[in-house]
Amino acid sequence: MSVLDTTVLLAKAEATYGAWANPVGTADAMLVFNHEVTPMESEEVRRQVERGFPGVNPSLYTAIRQRHSFSTELAGSGTGNVPAFWATLLRGCLVAAPQVLTGPARVAYPLDSSQGGSLSIAAFKGANARHRSRGARGTATFVFEERSYPRIDWEFTGVIEGSSPMDAGTPGTVTLPTVPVPQEVSLLNTVIQLGGFTLGVRRLSISLGNKVEYFSTTGTRAVVFGKDETGDRRAVTGEAVFELPDPAARNFFADILPRTELSFSLVHGLTAGNIVEISSARAVLGRATYSVEQNRLFMNAPIDFVPSAAGNELTIVTR
C-alpha cells in the first residue's frame, strides 16, 4: 500500500533541551502547508582500505539529523490577548515565550538572547509514516505579498528521536487549532512605513536569520545557533520590493549611502484579534536595485535590522 502525500504535524516546546516532549494530536497539532521532510541528513565516512579487488569502498553515515520545512498562514488567534498557534513554533526559533500585554490587549513575541528553546516535532505522512525530531531548532521568514495571504515559512533541524528516521505510528485523534482566516495583503488593510514614509509594497519578507548548526562531540549531539561574520546566533534581515518614490518626495539613496538607521513599521489587519504588527527603530537599507513592473520603477532593497542592545532589533506583536 503506497503512502499518500498528506501531512499531520505536531510540535511541542521542550522543558529541557533534547528531552522528547511527546507531542499529541489533541493538543499540539499545527495548521501547516507545503510540508517537506528530509528524513535524514548526515555526513558519510568511507573506509580507505585496499582490498585487492575492484568495487565501492564501504561507508557509514554519522551525525544523522532530520529537517522539516513548511509554511503556516500568518494570522492572529482571534483574541487580542491570546497567543497565535504559531507561537509554539517560534519557541524553536530563538524567540522567548509570548508575553500577554494590556492596553490594548495584545501579545508580544520577544526575541531571545540566549541559546533559546527547542521543539519536539512529530510529522506524519499518509496514515502512519512517522518522522520524529527532538531538540529541533530553526528559523522563520515572515512573507507579505500584495494580493496574497501573508505566511510564515519555517525550517527546522532536529536530532532523530528513536532508532530510525521513519517508523510506523499514528497521530491518534487530531484537533487542529481554530484560527481566523488570514487577511489579504492590500491597500485596504496593510500599512508599511520606512523612515516615516508609507511604501507601496509589492513584496516584503523578513527573516529571523537564525544560524542553525548541528553540533556533535563524543559527549553530545545537539542543534545550536552559531556565529559568522554577519552576526551572532542570528542576523535579522529583510527584502523589500516597493514603488520607487518620486525623489522630490523621498530619496532613500540619501539613507543608503551613510547606512542611516530608519524606523520601520508594518501593521497588517483591521479586525481585533487578527492584527499583526512588526516594527523596528533600527532598519538599515542596503544596496538597492531597480526592476520594472507595469511600466513603473520598483526598488529592490535589502534591509538589515541592527540591534543596539539584546533583542531590540525587531518587535513582533499580535492584537
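A salt bridge here is a side-chain nitrogen of Lys or Arg within 4 Å of a carboxyl oxygen of Asp or Glu. The model on screen is predicted, so local features need pLDDT of at least 70 and side-chain atom pairs count only at pLDDT 80 or more, while totals for chains, interfaces and linings use all residues. Residues are numbered from 1 along each chain as its sequence is written, and side-chain values use heavy atoms, with hydrogens and water left out.

**Stop 1: Arg134 and Glu161**

Select Arg134 and Glu161. They form a salt bridge, with the closest N and O atoms 3.2 Å apart. Arg134 sits in strand β8, and Glu161 in the loop between β9 and β10 (167–168). The two residues are 27 apart in the chain, and the pair links distant parts of it. Strands (E, at least two residues) and helices (H or I, at least four) are DSSP runs, numbered from the N terminus.

Now check accessibility. Buried means under 20% relative accessible area, exposed over 50%, and partly exposed in between (1.4 Å probe, protein chains only). Arg134, at 25%, counts as partly exposed. Glu161, at 17%, is buried.

**Stop 2**

Next, pick Arg67 and Glu155. Their closest N and O atoms are 2.5 Å apart in a salt bridge. Arg67 belongs to strand β4 and Glu155 to strand β9 (residues 151–160), so this pair ties together parts 88 residues apart in sequence. Arg67 is partly exposed at 24% relative accessibility. Glu155 is partly exposed too, at 35%.

With Arg67 and Glu155, they are linked in a network of salt bridges.

Arg65 lies over the face of Tyr214, 5.2 Å from the ring centre. The rule for a charge over a ring: NZ of Lys or CZ of Arg is within 6 Å of the ring centre and within 35 degrees of the ring normal. For another case, select Arg132 and Trp20. Arg132 lies over the face of Trp20, at 5.7 Å from the ring centre.

**Stop 3: Arg202 and Glu293**

Move to Arg202 and Glu293. Their side chains meet in a salt bridge of 2.8 Å, N to O. Arg202 lies in strand β13 (residues 201–207) and Glu293 in strand β21 (residues 289–293), so the pair ties together parts 91 residues apart in sequence. Arg202 counts as buried, at 18% relative accessibility. Glu293 is partly exposed, at 26%.

How many salt bridges does a search of the whole structure find? The search finds 21.

**Stop 4: the aromatic rings**

Switch to the rings. Those of Phe, Tyr and Trp (its six-membered ring) pair if their centres lie within 6.5 Å; planes under 30 degrees apart count as stacked, over 60 as edge-to-face and the rest as tilted. By this rule there are eight aromatic pairs.

Select Trp86 and Phe142. This pair is edge-to-face, at 6.5 Å centre to centre and 80° between the planes. Trp86 is in the loop between β4 (59–73) and α1 (87–90), while Phe142 is in strand β8 (residues 129–145), 56 residues apart. Both Trp86 and Phe142 are buried.

Then go to Phe264 and Phe305. Their ring centres are 5.5 Å apart and their planes at 75°, so the pair is edge-to-face. Phe264 lies in strand β19 (residues 261–268) and Phe305 in strand β22 (residues 296–305), 41 residues apart. Both Phe264 and Phe305 are buried.

Finish with Phe70, Trp154 and Phe156. Ring pairs link them into a cluster.
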